[in-house]
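Here are a few exercises to work through with the model open beside you. Try each task before reading its solution.

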Amino acid sequence: MVITTGTSVEVRLPSRLGFEKVAMGTAASVAQLMGFPPERIEDLKTAVAEACINAIEHGNQLNEKLSVGVILSASADGLEVKVVDNGEGISKQPPKPDIDRKVHGEEDPRGMGMFLIQALVDEAEWVHDSKGNGSYVRLVIRLDRESEFDKESK
Amino acid sequence: MQTETRTTIDRTTTSGGTSISVMRFTGDISSASKESVLGAWQTVSGNGPVLLDFSKVEYINSSGIGLIITMLMEADKSGQKVAVFGLTPHFQKVFTMVGIGKYAGLHKDQETAAASL
């Protein structure tokens, strides 16, 4: 099977922690069919998992009556992933996590999710739907690129 | 849905005679792992150098990273040395990105990790 431009795959997850792995597995399968290299598939899996965890925990407040939508859309040069929840979205980006402050107890040891998403994919934006239909995070990972971190590490 | 975390602890001794605790994790490291990970940590906390073995872990999320940072907080307070081994190349990269390498050396295998302590 080959994934062509315009192919779209949708998954709906219950708002229960752990189900992010279903989205992660689906995204990995689509990316593999598109020909992404294994290291980029790993980047995508972590970014999708973190986006789903944020949607389940913060967007839908762990309310299992609400679901999280994950829409994967293939294009010629990459894969777009939208993770949609019923929350109000974020008003501002949290500061970049500081390991020294975390280890010294001056910052919550958690709170790495958004940082990891931004570091691992080529585009990440958080969008609030003004019509009250929920919010979404949109991620794009491109076929012809390696992550910024991998580039800088060389 | 999440794979249960199992944490076991054994002890090894370096060629120089230093006794080291080895925490070996199996399964996922996530928010559901808190009791397994931090419960096991309490038995080695403040009791000499510690190795963290991730060679049987397939999935670590940001909540799991938070648990690892919690262990490093306690180790830092007591001056306890910690080193990590067995991460996949991807999670080696993620640990480096978030800065864990500053507080716990990231190594390929148990021998090199033990030698670093």
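**Exercise 1. A loop in chain A**

Find where Leu62(A) sits, then decide whether Leu62(A) and Gln61(A) count as exposed, partly exposed or buried.

*Solution.* 
- Step 1: Leu62(A) belongs to the loop that runs between helix 2 and strand 2 of chain A. Gln61(A) is in the loop between helix 2 and strand 2 (67-74) of chain A as well.
- Step 2: Look at the backbone. Leu62(A) isn't a glycine, yet its phi is positive, about 60°. Gln61(A), also a residue other than glycine, has a positive phi near 50°.
- Step 3: Count neighbours. Gln61(A) has 12, so it is exposed. Leu62(A) has 13 C-beta neighbours inside 10 Å and therefore counts as partly exposed.

A quick reminder: this is a predicted model, so the angles and counts in these exercises are computed from predicted coordinates.

**Exercise 2. A residue in a strand**

Work out which strand holds Leu79(A) and what it is in contact with.

*Solution.* 
- Step 1: Leu79(A) is part of strand 3 of chain A, residues 78-85.
- Step 2: Check burial, for which the cut-off is 20 or more other C-beta atoms within 10 Å. Leu79(A) has 25, so it is buried.
- Step 3: Set aside the neighbours within four places in sequence. Leu79(A) is then in contact with Val30(A), Ala31(A), Met34(A), Leu72(A), Ala74(A) and Ile141(A).
- Step 4: Leu79(A) and Ala27(A) are 52 residues apart along the chain, and their C-alpha atoms are separated by 9.1 Å.

**Exercise 3. The largest nonpolar core**

Which residues touch the most other members of the largest nonpolar core, and which element gives the most to it?

*Solution.* 
- Step 1: The core holds 74 residues, and Val48(A), Cys52(A) and Val83(A) are the ones that touch the most other members.
- Step 2: Helix 2 of chain A gives the most to this core, nine residues in total.
- Step 3: Zoom in on Cys52(A). Ignoring neighbours within four places in sequence, its contacts are Leu13(A), Glu20(A), Ala23(A), Val68(A), Val70(A) and Val83(A).

**Exercise 4. Two chains, two folds**

Write out the order of elements in chain A and chain B, and check each radius of gyration against the globule rule.

*Solution.* 
- Step 1: Chain A has five helices and five strands. Starting at the N terminus, they run β-α-α-β-β-α-α-β-β-α.
- Step 2: A compact globule of 154 residues would have a radius of gyration near 15 Å, and the 16 Å of chain A agrees with that. The C-alpha trace of chain A spans about 50 × 45 × 30 Å along its principal axes.
- Step 3: Chain B has four helices and five strands, in the order β-β-α-β-α-β-α-β-α from the N terminus. Its radius of gyration is 13 Å, close to the 13 Å from the globule rule for 117 residues, so chain B is as compact as a globular protein of that length. Its C-alpha trace spans about 45 × 25 × 25 Å along the principal axes.
- Step 4: In chain A, 40% of the 154 residues count as buried; in chain B, 43% of the 117 residues do.
- Step 5: Finish with sequence separation. Take contacts between residues at least 6 apart in sequence: 65% of those in chain A join residues at least 24 apart, and for chain B the share is 67%.

**Exercise 5. Where the chains meet**

How many residues does each chain bring to the contact, and which helix of chain A gives the most?

*Solution.* 
- Step 1: Chain A brings 22 residues and chain B brings 23 residues.
- Step 2: On the side of chain A that touches chain B, helix 2 (38-59), helix 3 (99-103) and helix 4 (113-120) each supply at least two residues. Helix 2 of chain A gives the most, with six residues.
- Step 3: Sorted by class, that side of chain A has twelve nonpolar, four polar and six charged residues.
- Step 4: Check the confidence. The predictor gives the complex an ipTM of 0.92 and a pTM of 0.92.

Notes: Residues are numbered from 1 along each chain as its sequence is written. Chains are lettered from A and ligands numbered from 1 in the order in which they are written. This is a predicted model: local features need pLDDT of at least 70, side-chain atom pairs count only at pLDDT 80 or more; totals for chains, interfaces and linings use all residues. The radius of gyration is taken over C-alpha atoms; the globule rule is 2.2 Å times the number of residues to the power 0.38. Two residues are in contact if their C-beta atoms, placed from the backbone, lie within 7 Å. Ala, Val, Leu, Ile, Met, Phe, Trp, Tyr, Cys and Pro count as nonpolar, Asp, Glu, Lys and Arg as charged, and the others, Gly among them, as polar. A nonpolar core is a set of buried Ala, Val, Leu, Ile, Met, Phe, Trp, Tyr and Cys residues joined through C-beta atoms within 7 Å.
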